[in-house]
Amino acid sequence: MTVPRHIAIVMDGNGRWATRRLLPRVAGHHQGVDSLRRCVQACIERGVGVLTVFAFSSENWKRPADEVSGLMDLLAKALAGEVASLRKNGVKLHFVGDLDPLSLKMRTGLREAETSTADNTRLVLNVCFNYGGRWDVAQAAAKVAARGEAVTEEAIDRAMALAHVADPDLLIRTGGEQRLSNFLLWQAAYSELYFSDKFWPDFDEAELDAALAAFARRERRFGLTAAQVQRAA
Ligand code: IPE
Ligand code: IPE
Ligand code: MG
């Protein structure tokens with residue numbers, strides 16, 4: 001079975017998971033961290049090399065203030081609670097997005113987490129926080145212009161926030177919605193898309209395996225004909 005080298009996930013449905021249980025939405029986000037921990041482990045066991053997750057979008061600031069501050073607290077808590085075991089498990093952490101609006105303490109913590117896991121090689125975990133696909137394209141274009149480079153696809157590619165990894169092979173969205181919501185607009189050009197109706201806290205190993213099985217059945221053609229692809233295989 002072909003295993004994707006890079007999986008990207010829009011971890012959606014935490015709020016509805018909590019509301020269904022008459023819990024505050026932030027309880028769903030807490031549960032979402034447990035789900036991510038399990039997913040990281042499952043990806044390692046299945047030989048996935050890169051996992052990129054959407055944790056907070058540039059549009060999520062518009063949510064009620066208590067939810068936004070709950071999410072910021074959760075990031076700080078996850079940082080304090082998870083980094084040691086991620087480091088032990090061979091996970092290399094990257095935080096991707098516009099981190100400037102975060103507190104200095106938070107930014108320092110994120111950078112320290114990256115530094116302390118920098119030598120790991122089992123799984124690259126990109127956590128997209130205050131990330132937006134349009135922000136990414138714009139910041140890349142600004143970088144290319146500042147370097148005085150010609151504006152080519154390759155130059156933009158090198159300046160994108162995920163330039164350290166290849167594009168995602170499989171992009172999963174949980175929670176039942178079928179949209180990108182400003183996630184990897186540039187990098188998802190040829191990703192296989194997979195939508196799960198499960199809320200993110202309920203996305204377990206069996207759901208991941210269902211997504212992997214669906215991926216293995218896809219024929220990726222990259223613009224070629226099926227006959228061309230089969231001849232090359
Ligand atoms: C995704 O879950 C997590 C974040 C956006 C931070 P939601 O909070 O969007 O959950 P739903 O879509 O409201 O259920
Ligand atoms: C996308 O989910 C962002 C994250 C999962 C972090 P949203 O819940 O914010 O997306 P919309 O608003 O339903 O499009
Ligand atoms: Mg949502």
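1. On its own, ligand 2 has 390 Å² of accessible area, and the protein covers 78% of that (Shrake-Rupley method, 1.4 Å probe; for residues, only the protein chains shown count as cover).

2. Before going on, the ground rules: this is a predicted model, where local features need pLDDT of at least 70 and side-chain atom pairs count only at pLDDT 80 or more, while totals for chains, interfaces and linings use all residues. Residues are numbered from 1 along each chain as its sequence is written, chains are lettered from A and ligands numbered from 1 in the order in which they are written, and side-chain values use heavy atoms, with hydrogens and water left out.

3. For Asn-60, an N or O atom of the side chain is 3.0 Å from a ligand oxygen; for Arg-173, the distance from a polar side-chain atom to a ligand oxygen is 3.3 Å. The residues around the ligand also include Val-10, Met-11, Asp-12, Phe-54, Arg-63 and Ser-181 (a heavy atom within 4 Å).

4. Ser-181 deserves a look. It belongs to the loop between strand 5 and strand 6, and its phi is near 50 degrees, positive although the residue is not glycine. Its relative accessibility of 33% makes Ser-181 partly exposed (buried is under 20%, exposed over 50%, partly exposed in between; 1.4 Å probe, protein chains only). Phe-222 also has a phi near 50 degrees; that residue is in the loop between helix 7 and helix 8 (226-232) and, at 48%, is partly exposed.

5. Now the sheet: 6 strands, all parallel pairing, open, in the order 3-4-2-1-5-6. Helices (H or I, at least four residues) and strands (E, at least two) are DSSP runs numbered from the N terminus, and two strands pair if DSSP finds at least two bridges between them. Strand 3 (91-96) and strand 6 (192-195) are the edges; each has a single partner, so one side of each lacks a neighbour in the sheet. On average, neighbouring strands are turned by 20 degrees against each other, direction ignored.

6. Strand 3 pairs with strand 4 over 6 bridges, Val-96 being the partner of Cys-128. Because 9 of its 9 residues are buried, strand 4 is largely enclosed by the rest of the structure.

7. Last, Asn-120, in the loop between helix 4 (104-116) and strand 4. It is buried at 17% relative accessibility, and a polar atom of its side chain lies 2.8 Å from the backbone oxygen of Val-91.

Key
Axes are lines fitted to C-alpha atoms, for helices over the stretch in contact, and angles run from 0 to 180 degrees between N-to-C directions. A polar contact is a pair of N or O atoms within 3.5 Å; within protein, one must be able to donate a hydrogen and the other to accept it, and residues adjacent in sequence count only if both atoms are side-chain atoms.
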